[in-house]
Amino acid sequence: QLSLVESGGGSVQPGGSLRLSCSTSGSIGDYYGVGWFRQAPGKEREGIACQSSGGYDPYYSASVQGRFMISRDRIKNTLELEMDNLSPEDTGVYYCAARTRTVVVGVSSACAYMDLWGKGTTVTVSS
């Protein structure tokens, strides 16, 4: 049974950096798509950094563009999220996700049709 488990969350001051990791019982390189989602207090869960397999450029939401970077570490078999220049608006629960199956209709965006989710890790940015 496939699973995803996030780690690396915690508290950080504005302007600081944090690195999240997501381990899996499967192979991170075999998933058709991978991504990080965030649910800020009082808001819907949103895809902030996602990438489909096959040499496609990653997607980043406007709020994290230039500050966050998603990557697959095939040596450690993990999905990583580097977060720099954090602000209080980045506070929320961060989830890693994967698209583990082929989608017949096709995928219109890198964050679409995720079917495997972690339980989330909390990131708090405050003074």
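How many aromatic pairs does the structure hold? The structure, a predicted model, holds one aromatic pair.

**Charge over rings**

Aromatic rings also meet a charged side chain here. R45 has its charged end over the ring of Y95. R45 also lies over the face of W117. The distances to the ring centres are as follows.

| Charged residue | Ring | Distance to ring centre |
|---|---|---|
| R45 | Y95 | 3.8 Å |
| R45 | W117 | 4.9 Å |

**The sheet**

Strands of a sheet pair through backbone hydrogen bonds, in either a parallel or an antiparallel way.

Strand β3 covers residues 18-24, and strand β8 covers residues 78-83. These two run antiparallel and are joined by six bridges. L20 stands opposite L81 in β8.

**The largest pocket**

Rolling a probe the size of a water molecule over the atoms shows where empty space is left. The largest pocket has a volume of about 170 Å³. Its lining is made of 13 residues. R38, A40, K43, E46 and E89 are the ones nearest the pocket's centre. What kinds of residues form the lining of the largest pocket? Seven are charged, three are polar and three are nonpolar.

Methods
Residues numbered from 1 in each chain as written. Predicted model: local features only at pLDDT ≥ 70, side-chain atom pairs only at ≥ 80, totals over all residues. Heavy atoms only, no water. 1 Å grid on protein atoms, 1.4 Å probe; cavity = no way out; pocket = protein on both sides within 12 Å on 5 of 7 lines; lining within 4 Å. Points joined across faces, edges and corners; volume = space filled by probe spheres on them. Nonpolar A, V, L, I, M, F, W, Y, C, P; charged D, E, K, R; others polar. Phe/Tyr/Trp six-rings, centres within 6.5 Å; stacked < 30°, edge-to-face > 60°. Lys NZ or Arg CZ within 6 Å of the ring centre and 35° of its normal. Pairing = 2+ DSSP bridges. Helix = DSSP H or I, 4+ residues; strand = E, 2+ residues; numbered from the N terminus.
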